[in-house]
Amino acid sequence: MTTQILNGKIFTPAGWVEGGSVVIDGTRIEKILNHSNRLDGVDKVIDAKGSYVLPGGIDIHVHGGGGRDFMEGTEDAFVTAVEAHRKHGTTSIFPTLSSSTVPMIREALETCDRLVADPMSGVLGLHLEGPYFNPKMAGGQLPENIKVPTPEEYKPIVEDFVSLRRWDAAPELPGTEDFARYLRSKGIVVSLGHTAATPEDVERGYRAGFSHATHFYNAMTGNHKEGVYKHAGVIEAVYLNDGITVEMIADGIHVPPVMLRLIHKEKGTENTALITDALACAASDSKTAFDPRVIIEDGVCKLADRSAIAGSIATMDRLIRTAVQKAGIPLEDVARMASETPARIMGVYDRKGSIAPGKDADIMMFDADLNLTGVVQMGREIDIA
């Protein structure tokens, strides 16, 4: 089936195409036109009505949505959460597990292996956030699951499944350099997170294979005093290392807008991805999280004792509005950080992350106030009502 999206302000790798159209053949983008004349033989027309036409959002850190959490491990939970986020512009997703037991990880990977085999699922691979973290920086992670990495545990997990694409750890823990080298040899992204690493730890980790920073500014140290002297933390080390990419929870709460702007200024569009870090209560009417320790308050998830933020209720469209309207980042940069940059970080830019001929037809549309007006995923129009 061929589809033509008409009357859009289309963002392409070459820039904006005003009043143009996108022609889709099946699941792929066939061409971008600089006019909105309906082509002969087109099966379906979508009138963008002047909306911004952006590449579909790619969320590389998201725990659940629609009332379901990926830690449940079942296909029903995965599909429900993925579909909930799709209605908010996320056309590709890397489901995330918080620090989990090995049986939970294996169950989720079995499910993810099945979904990754179906291009229409939108699931591109699993992301493990832990359990190899610094217990002092646990935040919303389950403390009873946190441990140090051992090859006897992580190697069978990697070898037995095909869909593991990213694994986060604290680089100061014993064994993490071997862990990072092994994962990188398998093409898996290694990210530093929930960490109190020194700049020297970060540099050693980077040389071993750590190339990304998990929810930058959250659950990591920055400039601090020990006695009478100041010491740099993880944040400063990541800023100074041009080889480490970052992700930011752009809900305006986890990281205030002025800091979102600082991250964009210092790390750049090419090195910064937008993430939701959303929990099960996102994209739903649910008032509870999968983790019974978590409450929803002031538009964010917190531990009930209010000792830490525990995740977000954000969706992709909210990230884009916040980054543009509150942080003052140009829309074209935000569009890239929501799609192109995460695609590059996760190694899928050959088929995702931009509106270009031959790429998968993943698209989101926004009006002048950045309200989501339409979503197309793998060539099919999604009902976002």
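I take contact to mean heavy atoms within 4.5 Å. The model is predicted.

**Entry: helix pair**

I looked up which residues of α1 meet α2. From α1 I noted Glu75, Phe78 and Val79. On the α2 side they meet Ala108, Thr111, Cys112, Arg114 and Leu115. I then sorted this contact by class: five residues are nonpolar, one is polar and two are charged.

Next came the geometry. Two packed helices are described by the angle between their axes and the distance between the axes. Helix α1 spans residues 75-86 and helix α2 residues 102-116. I read an angle of about 60° for the pair, with the axes 9 Å apart. Perpendicular or oblique? Roughly perpendicular starts at 65 degrees, so I logged α1 and α2 as oblique to each other. For the handedness, I wrote down that α1 passes α2 in a right-handed crossing.

The volume of the largest cavity is about 60 Å³.

I listed the residues that line the largest cavity: Phe11, Thr12, Pro13, Pro55, Ala335, Arg336, Ser339, Glu340, Gly353, Ser354 and Ile355. Which elements give two or more residues to this lining? I found β1 (2-12) and α9 (331-338). By class, the lining has five nonpolar, four polar and two charged residues. Arg336 and Glu340 are the charged ones.

Notes: Residues are numbered from 1 along each chain as its sequence is written. This is a predicted model: local features need pLDDT of at least 70, side-chain atom pairs count only at pLDDT 80 or more; totals for chains, interfaces and linings use all residues. Side-chain values use heavy atoms; hydrogens and water are left out. Axes are lines fitted to C-alpha atoms, for helices over the stretch in contact, and angles run from 0 to 180 degrees between N-to-C directions. Helices (H or I, at least four residues) and strands (E, at least two) are DSSP runs, numbered from the N terminus. Angles under 35 degrees count as roughly parallel, over 145 as roughly antiparallel, 65 to 115 as roughly perpendicular and the rest as oblique. A crossing is left-handed if the near helix is turned anticlockwise from the far one by less than a right angle, and right-handed if clockwise. On a 1 Å grid over the protein atoms alone, a cavity is a set of points where a 1.4 Å probe fits but cannot get out, and a pocket is an open set with protein on both sides within 12 Å along at least five of seven lines; lining residues have an atom within 4 Å of a point. Grid points are joined across faces, edges and corners, and a volume is the space filled by probe spheres set on the points.
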